[in-house]
Amino acid sequence: VARDTILRIEASVTALLENLLAKNVDAALADGGNVAALTLEAVKGLAGDAEVAVPAALAATLKAQLAAQGAITVVTDDTLGTGFSVRLDDGRVEHTFTGDAVAAELAKRLRPDLAKLLG
């Protein structure tokens with residue numbers, strides 16, 4: 001019974017923290033300045049053509065800021081929600097930096113430390 005209680009508490013706290021993390025990541029990736037800075041960092045040093053997909057609200061801002069980066073095409077993709085994706089090699093390679101993807105990766109990396117705290 002005690003073990004079940006501990007597991008329920010751990011699951012509850014983990015879910016609470018993951019929801020909080022997702023909201024904060026989404027808020028950060030909804031900010032055009034943050035997305036522009038992160039996108040510039042993501043495409044820095046890429047060789048060849050790259051395509052950056054962003055929600056329509058950010059497309060004009062990013063086109064202006066990425067103009068100096070060379071062969072980078074900005075396209076709109078409102079299915080992303082927040083964040084952006086970078087597509088290379090005619091779309092065969094894609095790196096996704098959406099709110100959901102970033103929050104999931106951060107949560108995965110934080111889980112072991114959280115388990116230590118709760119254990």
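Me: Where is Leu-117 placed in this predicted model?

Reply: In this predicted model, Leu-117 belongs to helix α4, which covers residues 99-118.

Me: Why is Leu-117 called exposed?

Reply: The word exposed applies to a relative accessible area over 50%. Leu-117 has a relative accessibility of 72%, and therefore counts as exposed. In space, the C-alpha atoms of Leu-117 and Glu-10 are 9.8 Å apart, although 107 residues separate the two in sequence.

Me: What makes Thr-82 a buried residue?

Reply: Buried means under 20% relative accessible area. The value for Thr-82 is 16%, so Thr-82 is buried. Thr-82 is in the loop between β2 (72-76) and β3 (83-88). Leaving aside residues up to four places away in sequence, Thr-82 touches Asp-26, Leu-29, Ala-30, Phe-97, Thr-98 and Gly-99.

Me: How do you know that the side chains of Thr-82 and Asp-26 make a polar contact?

Reply: A polar contact requires a pair of N or O atoms within 3.5 Å, one able to donate a hydrogen and the other to accept it. The two side chains make such a contact at 2.8 Å.

Me: What span is expected for helix α1, and what span does α1 reach?

Reply: The expected span is 1.5 Å times one less than the number of residues. Helix α1 (residues 2-30) has 29 residues, and its reach of 42 Å from first to last C-alpha is close to the expected 42 Å. Within α1, Thr-14, Leu-21, Val-25 and Leu-29 are buried.

Me: How do you know that β1 pairs with β2 and with β3?

Reply: Two strands pair if there are at least two bridges between them. β1 and β2 have 5 bridges and pair in the parallel sense, with Val-54 opposite Thr-76. β1 and β3 are joined by 4 bridges and run antiparallel. Across that pairing, Ala-50 stands opposite Leu-88, and Glu-51 stands opposite Arg-87. As for β1 itself (residues 50-54), 4 of its 5 residues are buried.

Key. Residues numbered from 1 in each chain as written. Predicted model: local features only at pLDDT ≥ 70, side-chain atom pairs only at ≥ 80, totals over all residues. Heavy atoms only, no water. Helix = DSSP H or I, 4+ residues; strand = E, 2+ residues; numbered from the N terminus. Buried < 20%, exposed > 50% of the residue type's maximum accessible area, 1.4 Å probe, protein only. Contact = heavy atoms within 4.5 Å.
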